[in-house]
Amino acid sequence: MDAGVTAAMALAVLQPDIVSFAGVAPTLVYMEKEGRVVSLAGLGYWPAATDPARLAAEGDGSNIPEGLLRTVMPAAPATHIEALRRYGTISFEQAATPAMELARGGFAAYPFLCNSIGDALDKYRRWPDSAKIFLPGGRAPRVGELFLQADLARSIGGMIEAERAARGDRDLKLRAAHDFFYRGPIASAVAGYHAQNKGFVAAADLAGFEVPVEASIAAAWRGYEVHSCDVWCQGVTLLETLKIVEDAGFAGLGHNTPAYVHRATEALDLAFSDREAYVGDPKFVQVPTAALLSDAYAASQRARIDERRACGAMPAPGIPPGQARSRGAAALSAPPAATGATAMAPDTIYAAIMDRHGNAYSATLSDSSYDTPVIPGTGMVMSSRGQQSRLAAGHPAQVAPGKRPRLTPSPALAMQDGKPFMCFGTPGGDVQAPAMMQVFLNVTQFGMALQQAIEAPRFSSVNFPNSFPPHEYFPGRMCIEENMAAGVIEEMRALGHEVEVLPRLPAKSGAVCAVMRDPASGLVHAGADPRRECYALAW
């Protein structure tokens, strides 16, 4: 757990274009001494003063506008501190010092970072404090140049000093680091900036934020139990898809054969249609989670798949047992169609840890820095994840004060015989479920080594509204990497899929990282995706 939290904070410094130190951090934890998987719900809610009418008026009326108004509570710092308090052994200072040193001393800018910032030059220029960090000298950093984040280093250092100065036991010291952020100087800077610039966030919003620690959701799948965070994120989409393809017939189709790719894509379309109709913050929305993951519902969804023809446009949502159709489902079943190429998802990274004690950590960390301002003096953008809320009345992710957006980052943790088998996750927005599903099946169904499973060609669907504004929807379209086996692309088109062929780089198919414990040997395997700057380490 100590290693996971340390890595998570360091990654926020090393990939500040796509991960904020004050962003989201949905996290799954398994502690051997407790024998259960728990979820740290690392996602913030909308401020109490949130005004949906103003969001509509200041944007295009359909999407959450870029800028300060899309801010939700920054959940990552509280998540990391709570993980340390409950499950760790080290201090905040020990966990955060590597992040602080990387921010203060800098690191060599690498191609993905440089290209990402370069693609968003005009967006960063909107706010002086953003430009100061991300456009030193008025331009994007170049590969090999030192990238510095002095204000962020001071913010992290302030949290460390608060912990040092606090009296009492370890819990009280960790609480001091938490309070420095949520009740102290950082909170004051955030609330003051919002007050000056007519934002929604007030000091009381930050002071009241605590990260919930709760049960995960899970689906049984052929001797495994695959866990995700609750339905405030899209993890249920991965679980439902796995249930739909759990049948013996699917298992015999062969890896990346046309029949396999077609069936898996149709299953994804059904699960994503249910996401659009039913899934949202469970504190505000009655999500039929158990029914969505039931064997009976999986069989009914499976029966809807035509082996000889693609479904075409996004299928109607299913009706899980005991559930009337979502109030918004009918209105949301035919969103406007988009044209052109699909866009690369703008943010996210993933971290997985397994240790010698049998503990496991799986976290998908995120929040972009180009679409909302750096708070002056802090070196951080506060979570802009409000962009994944919707303005449409009746949508399960409709914006409301105190409500959480429907989050794309969704780590997974698979168990076998009551022990951690695999921690896995990826960046990529809506591509997370397809990419994670394929890597998991490549290992468990096709017997691939973990690294081979990650590198294998992938496919995905975009036959549903995208989670990011402007929520583009491409009816009947799937995406296939250019190195897919010969004949698959042609066969998918013959079945009625519209196919967009993707280059392997830039990576639109995710960048899966995973750690797996071999139950036979007890050895731990790690894999990292060459589609991005990812690494597998052991010590």
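**Close-up 1. Lining of the second largest cavity.** Helix 1 provides the largest share of the lining of the second largest cavity, 3 residues, and this cavity has a volume of about 40 Å³. The model is a predicted one, in which local features need pLDDT of at least 70 and side-chain atom pairs count only at pLDDT 80 or more, while totals for chains, interfaces and linings use all residues. Residues are numbered from 1 along each chain as its sequence is written, and side-chain values use heavy atoms, with hydrogens and water left out. The lining consists of Ala8, Met9, Ala12, Val19, Ser20, Phe21, Val24, Ala25, Ala76, His80 and Leu365, and the elements giving two or more residues to this lining are helix 1 and helix 3. By class, the lining holds 9 nonpolar, 2 polar and no charged residues (Ala, Val, Leu, Ile, Met, Phe, Trp, Tyr, Cys and Pro count as nonpolar, Asp, Glu, Lys and Arg as charged, and the others, Gly among them, as polar). On a 1 Å grid over the protein atoms alone, a cavity is a set of points where a 1.4 Å probe fits but cannot get out, a pocket is an open set with protein on both sides within 12 Å along at least five of seven lines, and lining residues have an atom within 4 Å of a point. Grid points are joined across faces, edges and corners, and a volume is the space filled by probe spheres set on the points.

**Close-up 2. The largest cavity.** By this rule there are 5 cavities of 30 Å³ or more, and the largest cavity holds about 90 Å³ of space. It is lined by 13 residues, of which Pro16, Ser20, Gly379, Met380 and Val381 are the closest to its centre. The lining of the largest cavity divides into 9 nonpolar, 4 polar and no charged residues.

**Close-up 3. Packing of helix 1 against helix 4.** The axes of helix 1 (residues 2–14) and helix 4 (residues 92–105) come within 8 Å and cross at roughly 20°, the axes being lines fitted to C-alpha atoms, for helices over the stretch in contact, with angles running from 0 to 180 degrees between N-to-C directions. Helix 1 and helix 4 are therefore roughly parallel to each other (angles under 35 degrees count as roughly parallel). Helix 1 contributes Val5, Thr6, Met9, Ala10, Val13 and Leu14 to the contact, and helix 4 contributes Phe92, Ala95, Ala96, Pro98, Ala99, Leu102 and Ala103 (contact means heavy atoms within 4.5 Å). These contact residues comprise 12 nonpolar, 1 polar and no charged. Helices (H or I, at least four residues) and strands (E, at least two) are DSSP runs, numbered from the N terminus.

**Close-up 4. The largest pocket.** About 1400 Å³ of space lies in the largest pocket, whose lining comprises 46 residues, with Ala7, Ala352, Ile353, Leu537 and Trp539 nearest its centre. At least two lining residues each come from helix 1, helix 3 (76–87), strand 8 (349–354), strand 17 (513–517) and strand 18 (524–528), and helix 1 gives the most, with 7 residues. The lining of the largest pocket has 28 nonpolar, 10 polar and 8 charged residues.

**Close-up 5. The second largest pocket.** The second largest pocket contains about 1100 Å³ of space and is lined by 44 residues, of which Ala343, Met344, Ala345, Pro346 and Asp347 lie nearest its centre. Helix 5 (111–118), helix 6 (121–124) and strand 14 (459–461) are the elements that give two or more residues to this lining.

Methods
Parallel < 35°, antiparallel > 145°, perpendicular 65-115°, else oblique.
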